[in-house]
Protein chains: 2
Amino acid sequence: MIKAKIETACTECALSRLCLPVALSTEDVESLEEIIDRPKPLSRGDYLYQAGDAFEALYVVRSGAVKTFTVDPGGTEQITGFYLPGELFGLTGINKPAQNTTAQALERTNLCVLPYDELDRLCSDVPSLARQIMKVMSDEIREDHALLTLVSKKRAEARLATFLLSIAQRLKRRQLPDESFQLSMSRSDIGNYLGLAEETISRMFTRFQEDGLLAVQRKQIDLIDRDGLQAVCDS
Amino acid sequence: MIKAKIETACTECALSRLCLPVALSTEDVESLEEIIDRPKPLSRGDYLYQAGDAFEALYVVRSGAVKTFTVDPGGTEQITGFYLPGELFGLTGINKPAQNTTAQALERTNLCVLPYDELDRLCSDVPSLARQIMKVMSDEIREDHALLTLVSKKRAEARLATFLLSIAQRLKRRQLPDESFQLSMSRSDIGNYLGLAEETISRMFTRFQEDGLLAVQRKQIDLIDRDGLQAVCDS
DNA sequence: CGTCTTATTGATTCAGATCAACGACGGTGG
DNA sequence: CCACCGTCGTTGATCTGAATCAATAAGACG
């Protein structure tokens with residue numbers, strides 16, 4: 001079957017342990033399987049949905065990366081998350097009339113799409129699925145609180161060091177290289193996310209490099225001294 | 001019945017329109033009713049639960065006020081929310097081994113306690129209850145994102161003005177006085193929440209007063225020029 | 001190969017933190 | 001009921017981290 005490469009079943013998917021199926025029986029995964037859509041890959045810059053769109057689905061990144069952001073009434077943009085392979089997003093739309101977030105691909109990206117009305121129906125039959133969704137939501141709330149602490153209480157170096165270690169840790173969980181990787185987002189995106197100017201991000205990268213913590217070449221990052229970076233996180 | 005005053009049923013409760021029962025049938029509210037516990041009032045400073053405690057329940061404020069906060073590995077405290085009458089909290093513990101948040105009463109406070117294992121069982125029978133909990137969680141995520149934008153992108157005056165208008169709006173929804181009210185949290189708590197020093201909060205209060213936006217007497221706040229305050233939010 | 005975007009680096013400014021001192025409540029016990 | 005003490009809030013002076021403004025450099029892409 002030609003579509004085989006794209007239509008990887010959940011049961012075959014290397015990410016399934018990290019995704020929704022984690023708490024489900026084989027049988028329940030098969031029910032989930034039936035409602036999942038795997039659309040054609042998105043290109044860098046493509047929107048998955050925009051603020052104001054009807055809420056239709058949850059999404060899981062299979063490959064590539066996605067950012068989500070809100071725009072407040074005054075036009076201020078705030079990036080609320082970067083999503084890497086195996087990560088579920090789109091939860092802010094649940095039971096809301098419309099999306100208030102926009103989601104955009106940061107590079108060529110493949111997704112699993114979980115249409116929400118069918119997912120919701122499935123939740124009635126499979127309580128553990130509802131429970132798993134709630135767990136993912138409560139994880140998201142906790143992560144948001146950690147980010148708030150970072151942005152509200154830590155200095156610029158600590159913010160960037162924490163960000164980099166978080167990316168590395170998430171790559172590692174997906175068994176992707178975590179010492180040497182490509183950032184898919186711009187300096188300006190990182191700054192927006194961390195509440196810093198893009199110039200500050202640049203300067204911090206330079207400083208980390210001078211301090212022998214990492215090697216930077218544009219978007220390519222090589223972690224050299226993780227303990228050192230970890231120490232910077234607490235400053 | 002002597003306990004009548006404390007044991008106000010959900011169906012009688014003025015807050016029920018704002019609380020979980022909003023999406024439930026009378027019958028389902030009665031099921032919910034059966035699992036709700038209404039303990040004796042808490043005094044200022046009492047802990048509802050602390051980080052590390054087992055996750056046992058969700059909570060609704062009936063009167064008084066509660067703050068929740070996290071403490072990161074380095075000991076940094078971050079207040080993650082203030083909860084007023086009718087507001088549900090405790091969601092970060094769902095499907096987690098333990099609380100990572102601490103909840104503390106800011107003044108004499110009455111609560112409704114929803115034991116989670118029973119609530120979870122009820123969710124299997126009443127899909128709209130699960131849906132309503134998910135909605136509250138996704139609300140919380142959205143609010144956290146709004147707070148992140150506030151802390152990461154706005155100046156001190158805008159942060160405090162937004163905070164005050166948000167309190168007023170929430171009081172109004174509960175039909176409580178929203179022009180003239182008592183803040184139950186300290187300057188230091190407000191500063192912690194908004195990512196500012198307590199001295200800065202003090203100075204902003206003074207400035208707002210000089211500008212004729214409000215009158216402050218210690219914890220007593222009287223809003224004078226809401227449009228003016230609103231304008232400060234966008235600066 | 002030229003153009004456009006993204007990143008880097010430097011100079012200067014500024015908002016808010018920090019340090020320090022004082023004042024005003026409010027709770028407690030005599 | 002009043003006086004004391006401790007906490008909380010206010011105000012002032014100074015410092016500093018990061019923003020902003022400005023210019024250049026380095027890729028990316030057509």
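Helices (H or I, at least four residues) and strands (E, at least two) are taken here as DSSP runs, numbered from the N terminus. The structure is a predicted model, in which local features need pLDDT of at least 70, side-chain atom pairs count only at pLDDT 80 or more, and totals for chains, interfaces and linings use all residues. Residues are numbered from 1 along each chain as its sequence is written, while chains are lettered from A and ligands numbered from 1 in the order in which they are written.

A word on confidence comes first. The pLDDT, the predictor's confidence in each residue, runs from 0 to 100. Chain A averages 91, and 94% of the residues score at least 70. Over residues 1–6 of chain A, pLDDT stays under 50, and the model has 1 contact beyond four places in sequence for this stretch; residues are in contact if their C-beta atoms, placed from the backbone, lie within 7 Å.

We can turn next to the two protein chains. In chain A, 35 residues are in contact with 35 residues of chain B. The elements of chain A giving two or more residues to this side are β4 (77–83), α2 (116–125) and α3 (127–153), and α3(A) provides the largest share, 19 residues. By class, this side of chain A has 12 nonpolar, 14 polar and 9 charged residues. Ala, Val, Leu, Ile, Met, Phe, Trp, Tyr, Cys and Pro count as nonpolar, Asp, Glu, Lys and Arg as charged, and the others, Gly among them, as polar.

A residue is near a strand of it if its C-beta atom, placed from the backbone, lies within 6 Å. Around DNA strand C there are 18 residues, of which S186(A), S202(A), T206(A), R155(B) and T200(B) come nearest. Two or more residues each come from α5 (187–194) and α6 of chain A and from α6 of chain B, with α6(A) giving the most, 6 residues. This surface divides into 5 nonpolar, 5 polar and 8 charged residues.

Around DNA strand D there are 19 residues, and the nearest are R155(A), T200(A), S186(B), S202(B) and T206(B). Here α6 (198–210) of chain A joins α5 (187–194) and α6 (198–210) of chain B in giving two or more residues. The largest share, 6 residues, comes from α6(B). The classes are 5 nonpolar, 5 polar and 9 charged.

Chain A also holds an open sheet of 3 strands, in the order β8-β10-β9 with antiparallel pairing; strands pair if DSSP finds at least two bridges between them. V216(A) stands opposite I221(A) in β10(A).

Terms used
Two residues are in contact if their C-beta atoms, placed from the backbone, lie within 7 Å.
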